[in-house]
Amino acid sequence: MRKLLCILIFSFFYACATGQSIADSLTTDVTLFKDVYSIADKCEVLVDSIGTVTLDNILQQQWKNLSWYKIKNYIPSAWIDKTVYIKFTLQNSSSTQDTIYFYPGNSFRSISLYKILPAGSFLKLADESKEDGFQPIYFSAYDKKSFITELHFTKRKFNAFALEIIKKKYLPRYQKILYTSNYNDLVIGYLLSGLLLMMIFFNGANFNLSRKKEFLYNCLYVICMFILIYFNTYTGKRSGIFSSFFMGYLAFAMLVAGTIFYIAFTRKFLNTATNYPGLHKIFYYEERLLLMLLTAFSYIYFFTNNFWLQNILENSTKIICLAIGILYIIIGIKQKNRLINYLAMGNAILIFFSIISFLLIVLPGRKTGGIFTNALIYFELGIVCELIFFLLGLTYKNRVELIDTIKEQEAMKLAAEKQIFESKLAVLNAQQEERNRISADMHDDLGAGVTAIRLFSELAKSRLGKETVPEIEKISSSANELLNNMNAIIWTMNSSNDSFGNMAAYIRSYAIEYFENTGIRCTVKISADLPEFVVNGEIRRHIFLVVKEALNNVLKHAKATEVSLVFKKETDRISLYIQDNGVGIDFDNIRSFGNGLKNMKQRMIKSGLEFSIENKNGTLVILYSTAASQFFINSSRQ
């Protein structure tokens, strides 16, 4: 109001300075010196309480000056669904034609302006006020006219008169002043609308990605609240058909529709159908009740003129919405569920701000003009705070769902790994059973046959006496060697031998037997602190063949008299030392047994073990495990 007064004063001095005033062109019964003039104290009012007034008898009715009704702020509620007539007279004292605008206020859904003709008849002027609520009146030079305006109020509780005449050249400025008079309220309203718009995009994007109906319902709820807040801000000081429709019907419809969508969102968000069947039924019936009330309200608004019934229904619906909010709070207190608590807190804040908004409206003597005394701002803040708590609840729910999803994925991964492991284990068991069967068949069939060949060759040699036959000697030697090799193969194939202790014992037995009657003294030492672990058949075979090759080199090339095998546990490995006291190995002339060394290295690589050979008072061959090879060996444990 202060801004408006300052601008009006400025306009007055501006008009005086330019030599122009509305008195030069337009006057009523008194001289006017303003670009904007109120005719409230110069007009007469007629209220058609029983609907009997017509243009034929309107001039014979009992008219009263508006001041007689002693209206302070808002018109009486009884006028809202009645037709109200305003009569006034204007005169153009200028020698040029002019145009002024009649503005009754922003509380009217229709404005019909009639010019009173000299014979007492009426000429209805074209309605040009539908868009913005300003009705132009055109005057010829020295023209004096009387008018009757038929007004139908917006169907809402708080309506007021303006009844102002605005000069044509000043109209744009007047509208700008009118629409932005509460600038801070507009800024806050549009800011909150922007926040809601971002929430609409957020919910829409989440629904598009997840196809969860809870995001769809919440998006629809936010859309309703966005329409409510944005157009409340936009139409707050505007007039016209849309502004009247929004204030009388659409704002309430968006509030109820938003509540319905919010309940639907809650049912999906909390999965009440599964988790809270009783609460699910309550929400279901609340939705149907609100939908019925909205339908009844719509019927009364569009098809009747009973504002009393409309007002009762509107207030009853708002009380029900308040009760629903209180129910949320009660449920949040009783239920030890964090999601419900978030929704309950949001509703508690909304109710708190709604109560402040209500008190600012109904309390007498309240101050107006600041953002802290604007009832609508508090209600809008409550809505935004409620949505903020929804986002907090959504963040918590997403975090819980993410954790559950990760757990489920981990469980599925473990189950898949277990299934793969069991499949591999089944294959290994089948292979091992086949190995055991083959080794048993070899032992029973081939072993017996080779033993028989060796026995028969020995009997043949004994019968020949001192006479020797080289072929029989070769048969006996080959049969003996074949039997030893076959026993080694059977040993590696049998799963009952898959242990480190068994391998060490077998190598010990083989080494002692190998050097028996050779003139080379063989000793084998096995440390007592060696761990017991599984060594599969393939690794045992590679180690045994490397040891066999090393012992063969000692016998054929080392010219040694002693050889020792030592199994020992060291700091980070298990080692096998094969040491002889022979001539050592000539690395410069290694071709004679180069293939043997190459094969030994390849077998150790395949086993994941390390191999080295060096001269140290003879030849020293070392086989040892690293951390990686130890893991490989341990992974074969059963």
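What follows is a conversation about the terms used for this predicted model and the values behind them.

Biologist: How do you know how far the prediction can be trusted over the protein?

Modeller: The model is predicted, and the predictor's confidence in each residue runs from 0 to 100. The protein averages a pLDDT of 80, and 82% of the residues score at least 70.

Biologist: What makes residues 1-33 a stretch to treat with care?

Modeller: The pLDDT over residues 1-33 is below 50, although the model gives this stretch 51 contacts beyond near neighbours in sequence. Residues 627-638 also stay under 50, with 17 contacts beyond four places in sequence. Where pLDDT is low, the predicted coordinates should not be read in detail.

Biologist: What does the protein hold overall?

Modeller: The protein has 15 helices and 15 strands. Of its 638 residues, 42% count as buried. Of the contacts with a separation of 6 or more, 74% are between residues 24 or more positions apart.

Biologist: Why is Lys 167 called buried?

Modeller: The relative accessible area of Lys 167 is 9%, and the cut-off for buried is under 20%, so Lys 167 is buried. Lys 167 is found in strand E10 (residues 164-167).

Biologist: Is Asp 35 buried or exposed, and how do you know that?

Modeller: Asp 35 has a relative accessible area of 7%. Buried means under 20%, so Asp 35 is buried. Asp 35 is found in the loop between H1 and strand E1 (36-38). The C-alpha atoms of Asp 35 and Ile 165 are separated by 8.2 Å, and the two residues are 130 residues apart along the chain.

Biologist: What makes Lys 70 count as exposed?

Modeller: Lys 70 has 71% relative accessibility, and exposed means over 50%, so Lys 70 counts as exposed. Lys 70 sits in the loop between strand E3 (64-65) and strand E4 (83-91). Its phi is positive, about 55°, although Lys 70 is not a glycine.

Biologist: Why is Asn 271 called partly exposed?

Modeller: The relative accessible area of Asn 271 is 35%. Under 20% would be buried and over 50% exposed, so Asn 271 is partly exposed. Asn 271 also has a positive phi, near 50°, in a residue other than glycine. Its place is in the loop between H5 and helix H6 (272-275).

Biologist: Why are H5 and H8 called roughly parallel?

Modeller: The axes of helix H5 (residues 241-270) and helix H8 (residues 307-334) cross at roughly 25° and come within 12 Å. Angles under 35 degrees count as roughly parallel, so H5 and H8 are roughly parallel to each other. Their crossing is left-handed. Among the residues that make the contact are Phe 252, Leu 255 and Tyr 262 of H5 and Thr 317, Cys 321 and Tyr 328 of H8. By class, this contact of H5 with H8 has eight nonpolar, five polar and two charged residues.

Biologist: What makes H5 roughly antiparallel to H7?

Modeller: The axes of H5 and helix H7 (residues 277-303) come within 9 Å and cross at roughly 165°. The cut-off for roughly antiparallel is over 145 degrees, so H5 is roughly antiparallel to H7. The crossing of H5 and H7 is left-handed. Residues in the contact of H5 with H7 divide into 16 nonpolar, six polar and three charged.

Biologist: How do you know that H7 is roughly antiparallel to H8?

Modeller: H7 and H8 pack at an angle of about 165°, with their axes 10 Å apart. An angle over 145 degrees counts as roughly antiparallel, and that makes H7 roughly antiparallel to H8. H7 passes H8 in a left-handed crossing. The contact includes Phe 283, Leu 290 and Phe 297 of H7 and Leu 313, Ile 320 and Leu 327 of H8. By class, the residues of the contact of H7 with H8 are 18 nonpolar, two polar and two charged.

Definitions and conventions:
Residues numbered from 1 in each chain as written. Predicted model: local features only at pLDDT ≥ 70, side-chain atom pairs only at ≥ 80, totals over all residues. Heavy atoms only, no water. Contact = heavy atoms within 4.5 Å. Axes fitted to C-alpha atoms, helices over the stretch in contact; angles between N-to-C directions. Helix = DSSP H or I, 4+ residues; strand = E, 2+ residues; numbered from the N terminus. Parallel < 35°, antiparallel > 145°, perpendicular 65-115°, else oblique. Left-handed = near helix turned anticlockwise from the far one by under 90°. Nonpolar A, V, L, I, M, F, W, Y, C, P; charged D, E, K, R; others polar. Buried < 20%, exposed > 50% of the residue type's maximum accessible area, 1.4 Å probe, protein only.
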